[in-house]
Amino acid sequence: MSVPAVHPFHGGLVLEGHKRISTRHPVVPARLPERLVVPLQQHIGAPAEPVVQVGERVLKGQPIARPRGYVSAAVHAPSSGTVAAIEARPVPHPSGLAAPCIVIETDGEERWRWREDQRPDWRTLGPEALRERVREAGIVGMGGAGFPTHVKLNPGAGRAIHTLVINGAECEPYITCDDMLMREHAPAVVAGAQVMQRILGARRILIGIESDKPEAREALSEAVRAAGADDIRVVSVPARYPSGGERQLIHLLTGLEVPSEGLPADIGVVCQNAATAAAVLRAVTELEPLISRIVTVTGAGVAEPRNLEVLVGTPFADVIDQAGGYTDEAVRLIVGGPMMGFAVAHDEVPVTKTVNCLLVAGRGEVEPARDPLPCIRCGACVEACPARLLPQQLYWYARAKDFDRVQDYRLFDCIECGCCAAVCPSRIPLVDYYRYAKSEIWALEREREKAARARRRHEARLARLERERAEREARQRARRERATDAAARKAAVAEALARAGARRSGSAEARRHEGSEGG
Amino acid sequence: MRRFETATSPHLPPRDSVPALMRRVLYALAPGAALQAWHFGWGVVVQLLLAAALALAAEAAVLVLRRRPARRALADGSVLVTAALLALALPPYAPWWLTTVAVLSAVVLAKHLYGGLGYNPFNPAMVGYVVALIAFPRELTQWPAPHALAAPPGLDMALGLIFGGAQLPDALTAATPLDHVRTGLAMNRTLTELGAEPVMGRFGGKGWEWVAGGYLAGGLWLAWRRAIDWRIPSAFAAGLALPAMVAWGLDPDGHPSPLFHLLSGGAMLGAFFIATDPVTAATTPRGRLLYGAGAGLLTFLIRTFGGYPDGVAFAVLLMNMAAPTLDQLTRPRAFGEGR
Amino acid sequence: MIAAVVALGAVAAVSGALLGYAAVRFRVESDPIVDQIESLLPQTQCGQCGFAGCRPYAEAIARGEADINRCPPGGEHTIRALADLLGRDPKPLDPERGAEKPPSVAVIDERLCIGCTKCIQACPVDAIVGAAKQMHTIIAAECTGCELCIPPCPVDCIHMEPVPVDLDNWRWPYPEARTENLA
C-alpha cells in the first residue's frame, strides 16, 4: 500500500532519531492539574479575546476567548472549573515573555458543556459548514507553527486544490507524538484527512511518513484499506531531516516547488499535520474543540520518557512529573525538538496547542554554550541547506546588519531548520543571526509603517491648522467687510438723508450726519 | 519550579570542528610528505619542523600584539597547515632565512594583517611561497636529485645545508622535471628526446610522480571524508588536463602529456591541499567548479607560456582574487525561487 | 592629422549620441530628493534636530544646510540610511541633539490632568484627545514619543513610558558572539 517517495530535496541531514525511548508505552491521558493556564495566543495571527470574567464558572469545551479577526483562533476551557485570573503569565516562546492567559481553577468534575446529541454524519455536511466547525473548534496547525487551520482550508476561489498532503514525517529527533497518534488512531487520521479533502475539494490525499516509522505506516495503510479510499496514498519518505518541513515534504511527494514568496495553495497543494487531521475529525464528529493534544516527554533528563495526552494549559512541571520526573542529568528544557525547539528557563510554562514535545535534555545530549571560531567558509552549510541558500553569506550580511544584502541572498526563504548551524565546524550560531535579521527587518517595517502613519497625521494636522487659520482669516475679513459694508451703507443713507435734509432744512443738520460717518 | 539553562537551537552536540578539520588535512598530507622525504631526504623533515616552529611563534607573537587570546587560535591548527604546505612547496635544502621570510610573509602579511583565520583573501602559504620565489628566484630552483638518481643528503648534511650556509653539491642537484622540459623545449629539443633522460620517470619526473601519487591518495581520502569539496580538485585537474590534452594531441613533441602535467610540480598538492583552502576559495558549488577549473587552466597557461616553470602558486592567488566575484555570480537558485 | 581629428570627433559624436539616447531611454524616474530624505526620517516631528518637524529637516539636508546626524529618534539606523542615500560617510549622532532612547510613548496621569488643552495643541500628530476642562488622554498607538507635550503641561502630569515588549514587537537579540575570537 505504501510507496516510496521519489523526489529528494537538496541538503538536509541524516540525524540519530532517539525515538525509541519514548515509544515504549502507549499514550495515556495526563492527570488533570489543579490549575490550567490557557494562553490567548496559541497560534499565528491576532490573539483571541476573552469572553469570560474572573470568577465565572466554565464547563469543559466552553469557548472562553473568541477569535479577533479572521486569522485568529478561538480558545476553549480544557476542563470545568472557575476562572481564577486573566493576566500575563509566562508562555512557551523563545523570548521567555509573559502574555495574557486565562487561568482556570479546575473542579475535577470534567463536566462538558452542552453538546448536541444529534451528531450528523460529516459526509452530509457541505464544505462551508465543515470549515465553520473547524473554525469554531479553534483548530490550529499542530506541527509547531500553529497557523489557524480554517484559514489554510480556505485557499480562495482562484486556487483549485488538487492534492492534500498529510504530514506524518515527524523528522525531528526525539519527537514521537505523531508517530504514536498514527499507530494508535490511524483511522481517525485518515477520516480527518478525508474531511479536509472534502472541504478543499482535493482529488487525492498523500500521506507522507518517514521510513523509520514502520508501525505507523502499517497502521495507516491498514486504515486506508479499511476505509476503501483509493484516492489516498501512504508514501514513505527517507528519514532525512527536514523531510517534515512543509515545502520539503511537498517536494518529496509531488516534485513541486512551492514558490518562495507563495503558499502551497499556489501550486494546488495544502499540507496539514497528522495530529491536525485527527483534531479536525473530532471537531466535526464529536463537536469537540481542540483542548488537548499528545505531547512527547523525552530525553535523558526524564526518568520515564513517554507520550501523554495533555490538556492545553497544563504546566510543563505537571507533565514531566507524570513521565517519572527529572533525572540528575536534566540540564535543558526544550519545547519541540533539538533542531528547531527553543529552551525555556523554567517549567512553570503551560502546554499549548502547538507544544508537541518537551525534551528534557541530558548533559551529553546538547551542546554546551557555543564558543564560536571564525567562519572558514568551508561550505558545509551550503551542502546542508534544504532551501538551497548560501548560509555563510547570509551570516556575513546579518552580522554586518546589512539588511538589504541579506534579503538579496533570500533570507526569507530560510526555514530556520538549523541544518547549517548543526554542521558548522566553527560552531557559529548561524540561525540566531538569521532570526535576528528577520526580526530586525520586521521591526523596521513596523517602524516605517508607523512613520508613514505619523507623517499622514502630521500632514493632516498641518492641513487642519492651515485650514483653521484660513477660516479664521476669512471670518475676520468677512467681519471687516461687513463692517465697511455697514459703514458704507450707513454713509449712503446719511448722504441721502443729508441731501434730503439740506433740501428740506439747510446745512446744520447735514453737518451732524457727517459727524457720525467716521464711526 | 525548576530552572534550566537557556540556549538557542539547534541544540545537538557538535558534529565537527575546525581543529578536527585541520588535523585531518595534516594527516592527509602525511603520505605525500613521507614520500617527499624518502625521495629528497632529511631536508623535507627539517623544513617541516622549522616552518611549524616559526609559524607557531609568529602566530603567537601577532596574536599577543593584536591582544587576542592566543591559545585558542594556536590550537585551531590552521597555522600548522599553512606551515606544512609552505615547507613542502619550498626546496628541501633552502636556507633557514628563506624559510623564515616565507613563513613570516605567510603568517603575518597574508593572514594576520587581514584579520586572521577566516578573513584573509589570499592563501597564506602561497603568498609566502611567491614572496620567496620573487625575492630569491635562484634559491627556489635548487632542488635535489630524487633518490633514484643520487642518495639524498643525510640529517647532518641537511642541517648543514639549511643552517650552515653550505651549498648543495652539483652532484646532488637536478633540474625539476618541469624545469627540465621547459629548458629543453626552449632549446628546440623534442619531448621524445627529453623523456629519455634520467630525470624523467614513467609519467612525470622520477620520484616526483611518487610524491604526487602520495598527495593524490591523501587528497582522495580528504574528499571522501568531506573535509574538502571534491569539486575543486576535480575541476582543477580538468582545467589543467583538458587544455594539456589538446596541446599534446596537436603537438606531442612540443607539449608534455596531461598526465605529466598532473603528476609534476605542485599540481596534486595544489589541487587537493592549496586550491581547496576554503577561506580563500569560492564557496558556492558552481563557483567552486569555476574556481578550480580556473586555477587549473591558469596553471597550464603559466607553465606553457609564462616565465616560471610551475604556475600553481600564481594560479591559486589569481583565482583567490576572483573568488568573491565568482561567489556573487553563482548564487544557487533558492528553493522555490523563480527560474 | 586631419584624419585623426575627424576620427576622434566622430567617436566623440557617436559616444555622445549614445549617452544622450541612454539618458533619455533609461532615465530613472525618482522622487525628488527631499521626499526620499523625508521617507527615511522617523516622523516623530519632535524638532530635536532644530527644525520644525521632519519635512523641514529633510529640506535643510537637501539644501546642504543641515548635517545627517541630527535625528536622535532615528538613531544610528537613520544616519546610516541617509548616508547611503546621499553617498556620504555615516557619522555618530550629534550629541547636542540628544541621545538615542528606547521607543517610548507619553502617558497622562489622568488624576492630575486639569483639561487645559495645551498638550493637545502641542502634539504634532493629533494623538491626544480631550476637550477644555475635560480630562485628556493619549492614543498610545499614534504617539510618536516626541515629548513635545511635556513642557507645556502646567501641572506636569505627562511622563514618558517605554513601549512594553510583548510577543508582537519582541526582537530576537543580536547573537552575542565572543568577538575576541571572531575578528
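**View 1. A:Arg57 stands opposite A:Thr82 in β8(A).** Strands such as this one are DSSP runs of E of at least two residues, while helices are runs of H or I of at least four residues, and both are numbered from the N terminus. The model shown is predicted, so local features need pLDDT of at least 70 and side-chain atom pairs count only at pLDDT 80 or more, whereas totals for chains, interfaces and linings use all residues. Residues are numbered from 1 along each chain as its sequence is written, and chains are lettered from A and ligands numbered from 1 in the order in which they are written. Strand β8 of chain A covers residues 81-90 and is joined to β5(A) by 2 bridges, the two strands running antiparallel. Two strands are said to pair if DSSP finds at least two bridges between them. The open sheet has 4 strands in the order β3-β9-β8-β5 (chain A), with antiparallel pairing. Its edge strands, β3 (35-39) and β5 (57-58) of chain A, each pair on one side only. Strands of a sheet pair through backbone hydrogen bonds, either parallel or antiparallel.

**View 2. A:Asp107 is found in the loop between β9 (98-106) and α1 of chain A.** A:Asp107 counts as partly exposed because it has 16 C-beta neighbours inside 10 Å. By this scale a residue is buried if 20 or more other C-beta atoms lie within 10 Å of its own, exposed if 12 or fewer, and partly exposed in between, with C-beta atoms placed from the backbone. Not counting residues up to four places away in sequence, A:Asp107 touches A:Ser80 and A:Gly81. Two residues are in contact if their C-beta atoms, placed from the backbone, lie within 7 Å. From C-alpha to C-alpha, A:Asp107 and A:Pro289 are 20 Å apart in space, and they are 182 residues apart in sequence.

**View 3. Helix α1 of chain A spans residues 127-136.** The buried residues of this helix are A:Leu130, A:Arg131, A:Arg133, A:Val134 and A:Arg135. They pack against α2 (149-152), α4 (186-200) and α7 (274-286) of chain A. After α1(A) comes A:Gly138, with a positive phi near 65°.

**View 4. Helix α3 of chain C, residues 54-62, has C:Cys54, C:Arg55, C:Tyr57, C:Ala58 and C:Ile61 as its buried residues.** Seen down the axis of α3(C), these residues fall within an arc of 160°, so they line one face of the helix. The arc is that of the directions from the helix axis to the C-beta atoms. The cover over the buried residues of α3(C) includes α2 (33-40) of chain C. C:Gly64, which follows α3(C), has a positive phi near 80°.

**View 5. The largest nonpolar core holds 254 residues.** A nonpolar core is a set of buried Ala, Val, Leu, Ile, Met, Phe, Trp, Tyr and Cys residues joined through C-beta atoms within 7 Å. The members that touch the most other members are A:Val189, A:Leu220, A:Val295, A:Val319, A:Leu358, B:Leu86 and B:Tyr129. Not counting residues up to four places away in sequence, A:Leu220 touches A:Met182, A:Ala186, A:Val189, A:Val190, A:Ile207, A:Ile209 and A:Val234. Another core, of 14 residues, lies apart from it and includes A:Ala454, C:Ala106, C:Cys146 and C:Cys153.

**View 6. Chain A and chain B meet through 53 residues of chain A and 37 residues of chain B.** On the side of chain A that touches chain B, the elements giving two or more residues are β16 (330-335), β17 (342-344), α12 (419-423) and α13 (430-504) of chain A. The largest share of that side, 4 residues, comes from β16(A). The residues of this side divide into 34 nonpolar, 7 polar and 12 charged. Here Ala, Val, Leu, Ile, Met, Phe, Trp, Tyr, Cys and Pro count as nonpolar, Asp, Glu, Lys and Arg as charged, and the others, Gly among them, as polar.

**View 7. Chain C is divided into domain 1 (33-97) and domain 2 (102-165).** Such bounds come from an automatic or database domain assignment. The C-alpha centres of these two domains of chain C lie 25 Å apart. In the contact between them, 7 residues of domain 1 of chain C meet 7 residues of domain 2 of chain C. The side of domain 1 of chain C that touches domain 2 of chain C has 2 nonpolar, 5 polar and no charged residues.
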